[in-house]
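Keep the definitions handy as we go.

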Amino acid sequence: MKSIRHIITILTSLLLLLGVPFYIVFFSNADNGLDAISGASMVIDQPSGAYVVWINSGKHTNIDNLNTWKSFFSGEEIGFLFEDISCTVAGTDTAGLEIAKSFQSRLPENQMTLRTEDVTLMLSKAVDGRFDIILMSKEFYDGCHAGNLYDKEYMTGIFSEGK
């Protein structure tokens, strides 16, 4: 009888030691709502409106990849591209943020990281060439007088008049 009680005690201890953490991890992942249906990415329609995209051609030295990104940000469909990008948008530019999220939704997961920054910091990084992609709505571009960035040799600008 003592041996049966000992085996039951050992099995109960193992169940608590190994089973409870597994149970917590399994059901915490099941409760967060991400599954194959709700976790799938959905393409967000591009909002209407004009926007400006600056691409740092100093960081995108492969001319084919640079042309593919130009096509992508011009609104064309592209094939798969094995290059990740980081897009910076001014935190106060809500229209630019919507457009950037639309572009992000058209790419595979995690291929485009999206960052918001203060406009002054973003423009100072642009002047020094410390950026990958900068996206602004046309209204915001006109308001912060960012046209002086166009004369930098590493800047490739895409101007879209929108829909």
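Buried means under 20% relative accessible area, exposed means over 50%, and partly exposed is in between, all with a 1.4 Å probe and counting protein chains only. This is a predicted model, in which local features need pLDDT of at least 70 and side-chain atom pairs count only at pLDDT 80 or more, while totals for chains, interfaces and linings use all residues. Residues are numbered from 1 along each chain as its sequence is written, and side-chain values use heavy atoms, with hydrogens and water left out.

Q: What does Ser160 touch, not counting residues up to four places away in sequence?
A: Ala50 and Tyr51. To count as a contact, heavy atoms must be within 4.5 Å.

Q: How do you know that E1 and E5 pair, and in which sense?
A: Two strands pair if DSSP finds at least two bridges between them. Strand E1 (residues 51–56) and E5 have six bridges, in the antiparallel sense, so they pass that test. Ile55 stands opposite Thr156 in E5.

Q: What makes E3 and E5 edge strands?
A: The open sheet has five strands in the order E3-E2-E4-E1-E5, with mixed pairing. E3 and E5 each have a single partner strand, so one side of each has no neighbour in the sheet.

Q: Are Glu77 and Arg106 buried, exposed or partly exposed, and how do you know?
A: Glu77 has a relative accessible area of 69%, so it's exposed. Arg106 comes in at 22%, which means partly exposed.

Q: How many salt bridges does the rule give?
A: The count comes to five. One of them joins Arg115 and Glu117 at 2.5 Å, N to O, and Arg115, Glu117 and Lys125 are linked in a network. Arg115 is partly exposed at 36%, whereas Glu117, at 13%, counts as buried.

Q: What makes Asp128 and Arg130 another salt bridge?
A: Their closest N and O atoms are 3.7 Å apart, and the limit is 4 Å, so they qualify. Asp128 is exposed at 52%, while Arg130 is partly exposed at 48%.

Q: Why is Leu18 called exposed, and where is it found?
A: Leu18 has a relative accessible area of 59%, and exposed means over 50%, so that settles it. Leu18 is found in helix H1 (residues 2–31).

Q: How much of the protein chain is buried?
A: Buried residues make up 34% of the 163 residues.

Conventions: Salt bridge = Lys/Arg side-chain N within 4 Å of Asp/Glu carboxyl O. Helix = DSSP H or I, 4+ residues; strand = E, 2+ residues; numbered from the N terminus.
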